[in-house]
Amino acid sequence: MITRPTPQKIRLRRTMMFMNAQKPGLIKDAYIYGSDSIILDLEDAVAENQKDAARFSLYQALKNIDYGTTEVLVRINGLDTPHWQEDIRCVVAGGADGIRIAKCESAADVKLVEEHVEKAEKEFGIEVGRTLLMAALESPLGILNAYEIVTASDRMFGCAISGGDFRKSMHVQIEKDGIEMLTARGQMLLAARAAGVQCFDTMFPNIDDMDTFKAEVIQNRKMGFDGKSVVNPKQIRFVHETFAPTKKEIAYAEKLIRSFNDQADSGVGVYTVDGKMVDIPFFEDARRVLALAKATGVYHGDL
């Protein structure tokens, strides 16, 4: 199924910052850094013998901390572990906005999680359908099955590639030009766009190598990603600046919309703007640019 867009699904998500759900000192003030979303992690960041403690910490945070407009997502443990079902109950009972499905490889994985989420929503008196889903694609199989994964549930708002595990499976290392993940990134983007969901790039682990990080973020934007996972607050600002439309892009979008409005009554569907042939898809993209510009605070017009 192609998921139906809702304000919750298409909200601005330039950055998703990972935080260890087990550490109250870190997660209690997570919203102050300005990330659009935070991902409270029950999976890789938590030792095997600390899963119960992490869930307790997570639940208390969800129930007692006001994160304001920051979206709160939770990465649950993999479906091949004994933890994921209780993770889901904790996430839903606490009222998180959504779940990131770790190591997702098939539509069946999504449907299984969806089944348990709905069961938990009914158990805890949560509106059925409130808890959104996103898929983390971490293996070649997950990438190859990307379209069936992102169309498996109407709760699905997006997918993200997880670079660490994916690179290990491909026997490659991080390269400055991103060539080691170019094919996977492109295939995932195609699947997301075909399904009408958002698409996010992996985190960049070396917080001291800002040059390579910035090059990767710029490439992400040029490829068409909606945002990027981050692991440190100092990475947030550059991502936000890079994903905001430029003044030139905003000005051209305004010109396109005005020209379209001028031509609408005459019934003209194809015409030229600044010497370039344009039609309805150009107008729709211009609307998207201005909507993004408004959401990022760099445009205050009324078009």
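Ile 236 is buried, with a relative accessible area of 3%, where buried means under 20% relative accessible area, exposed means over 50%, and partly exposed lies in between, for a 1.4 Å probe and protein chains only. The structure is a predicted model, in which local features need pLDDT of at least 70 and side-chain atom pairs count only at pLDDT 80 or more, while totals for chains, interfaces and linings use all residues. Residues are numbered from 1 along each chain as its sequence is written, and side-chain values use heavy atoms, with hydrogens and water left out.

**Ile 236 and its surroundings**

Ile 236 belongs to helix 10, which covers residues 236-243; helices (H or I, at least four residues) and strands (E, at least two) are DSSP runs, numbered from the N terminus. When residues up to four places away in sequence are not counted, Ile 236 touches Thr 15, Met 17, Tyr 33, Gly 34, Ser 35 and Val 230, contact being defined as heavy atoms within 4.5 Å. Ile 236 is also 204 residues from Ile 32 in sequence, and the C-alpha atoms of the two are 12 Å apart in space.

Ile 32 sits in the loop between helix 1 (24-27) and strand 2 (37-41), and at 53% relative accessibility Ile 32 counts as exposed. Together with Tyr 31 and Tyr 33, Ile 32 forms a nonpolar patch on the surface, with about 300 Å² of accessible area for the three. Such patches are made of residues with over 30% relative accessible area and no salt bridge, like charges being joined within 9 Å and nonpolar side chains (Val, Leu, Ile, Met, Phe, Trp, Tyr) within 5 Å. A salt bridge here is a side-chain nitrogen of Lys or Arg within 4 Å of a carboxyl oxygen of Asp or Glu, and accessible areas come from the Shrake-Rupley method with a 1.4 Å probe, for which only the protein chains shown count as cover of residues.

**The barrel**

Eight strands form a closed barrel in the order 1-2-3-4-5-6-7-8, with parallel pairing. Neighbouring strands of this sheet are turned by 25° against each other on average, direction ignored; the axes are lines fitted to C-alpha atoms, for helices over the stretch in contact, and angles run from 0 to 180 degrees between N-to-C directions. Two strands are taken to pair if DSSP finds at least two bridges between them. The table sets out several of these parallel pairs.

| Strand pair | Bridges |
|---|---|
| Strand 1 and strand 8 (residues 227-230) | three bridges |
| Strand 1 and strand 2 | five bridges |
| Strand 3 and strand 4 | three bridges |
| Strand 5 (residues 132-137) and strand 6 | five bridges |
| Strand 6 and strand 7 (residues 198-201) | three bridges |

Strand 1, residues 15-20, is mostly covered, six of its six residues being buried. Thr 15, Met 17 and Met 19 point one way from this strand, whereas Met 16, Phe 18 and Asn 20 point the other way, and all are buried. Thr 15, which is among the contacts of Ile 236, has Lys 228 in strand 8 as its bridge partner, while Asn 20 is bridged to Asp 41 in strand 2.

Strand 6 (residues 156-161) is largely enclosed by the rest of the structure, because six of its six residues are buried. Met 156 in strand 6 stands opposite Leu 133, and Ala 160 stands opposite Phe 200 in strand 7.

The buried residues are Trp 84, Asp 87, Ile 88, Cys 90, Val 91, Val 92, Ala 93 and Gly 94, and their cover includes helix 2 (51-64), strand 3 (71-75), strand 4 (98-101) and helix 4 (107-124). Just after helix 3, Gly 95 takes a positive phi of about 90°.

Positive phi values also occur in residues other than glycine. Lys 103 has a phi near 50°; Lys 103 is placed in the loop between strand 4 and helix 4 and, at 35% relative accessibility, counts as partly exposed. His 171 has a phi near 60° and lies in the loop between helix 7 (163-170) and helix 8 (182-195), where His 171 is exposed, with a relative accessible area of 72%.
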